[in-house]
Amino acid sequence: FLQLTARQANVPILCTVHQPSAAVFAGFGDVLIMSLGRVAYFGPAAQLSSYLGSIGKPLPPTANPAEYALDCINPDFSDNDSVLALLDAWRARAPPLKQPPPSPLAFPARRAGARAQFWILLRRHATLTKREP
């Protein structure tokens, strides 16, 4: 349902899901899996199982890919060295990030003078005092 709606409206859908069912996971386009503040996998959901197999963590035939990935990257379920090895494997294989060139601002930033800053702060303080005497 969400994919159809997103395509019709031409909008991306971003959501945070913890341990989705296999059916829900199969409906995702791209997934970002993180652990310890680092990326463990970013790419098409359909390719997660092949990626895990390529780094020595093959997905069992009847396993839910989302649950299995969580088991692999969560230090509460796996030993810390194994998690760090998985994170390092992604860093070594991750495609380079494409960053757009910096663009100049449409208009130069103006800095308020001392008099303008004084009046702005005085007005803010008066508003706060009026709201909470």
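Q: Leaving aside its neighbours within four places in sequence, which residues is Ser35 in contact with?
A: Ser35 is in contact with Ile73, Pro75, Val83 and Leu87. Contact means heavy atoms within 4.5 Å. The model is predicted: local features need pLDDT of at least 70, side-chain atom pairs count only at pLDDT 80 or more, and totals for chains, interfaces and linings use all residues. Residues are numbered from 1 along each chain as its sequence is written, and side-chain values use heavy atoms, with hydrogens and water left out.

Q: Why is Ser35 called buried?
A: Its relative accessible area is 7%. Buried means under 20%, exposed over 50%, and partly exposed in between (1.4 Å probe, protein chains only). Ser35, at 7%, is therefore buried. Ser35 is found in strand 1. Strands (E, at least two residues) and helices (H or I, at least four) are DSSP runs, numbered from the N terminus.

Q: Why is Asn10 called exposed?
A: Asn10 has a relative accessible area of 69%. That is over 50%, so Asn10 counts as exposed. Asn10 lies in the loop between helix 1 and helix 2.

Q: What makes the phi of Asn10 worth a look, although Asn10 is not a glycine?
A: The phi of Asn10 is positive, about 55°. Leu36, also not a glycine, has a positive phi near 55°. Leu36 lies in the loop between strand 1 and strand 2.

Q: How do you know that the span of helix 6 agrees with its 18 residues?
A: Helix 6 covers residues 114–131. The expected span is 1.5 Å times one less than the number of residues. For helix 6 that should be 26 Å, and its end C-alpha atoms are 26 Å apart, so the two agree.

Q: What makes helix 6 hardly covered?
A: The count of buried residues among its 18 residues is zero.

Q: What makes up the largest nonpolar core?
A: This core has 19 residues. A nonpolar core is a set of buried Ala, Val, Leu, Ile, Met, Phe, Trp, Tyr and Cys residues, joined through side-chain atoms within 4.5 Å. Those with the most contacts inside it are Phe25, Val31, Ile33, Ala40, Tyr41, Leu48 and Tyr51. Strand 1 (30–35), strand 2 (38–44), helix 3 (48–54), helix 4 (65–73) and helix 5 (80–93) each supply at least two residues of this core.

Q: Which residues does Val31 touch, not counting those up to four places away in sequence?
A: Val31 touches Phe25, Tyr41, Phe42, Gly43 and Ala45.

Q: Which residues lie nearest the centre of the largest pocket?
A: They are Cys15, Val17, Phe28, Asp30 and Val31, out of 29 lining residues. Strand 1 gives the most to this lining, with five residues.

Q: Which residues line the second largest pocket?
A: Arg38, Val39, Phe42, Leu87, Trp90, Arg91, Ala94, Pro95, Pro96 and Leu97 line it. A pocket is an open set of points on a 1 Å grid over the protein atoms alone, reached by a 1.4 Å probe, with protein on both sides within 12 Å along at least five of seven lines; lining residues have an atom within 4 Å of a point. By class, eight are nonpolar, none polar and two charged.

Key. Nonpolar A, V, L, I, M, F, W, Y, C, P; charged D, E, K, R; others polar.
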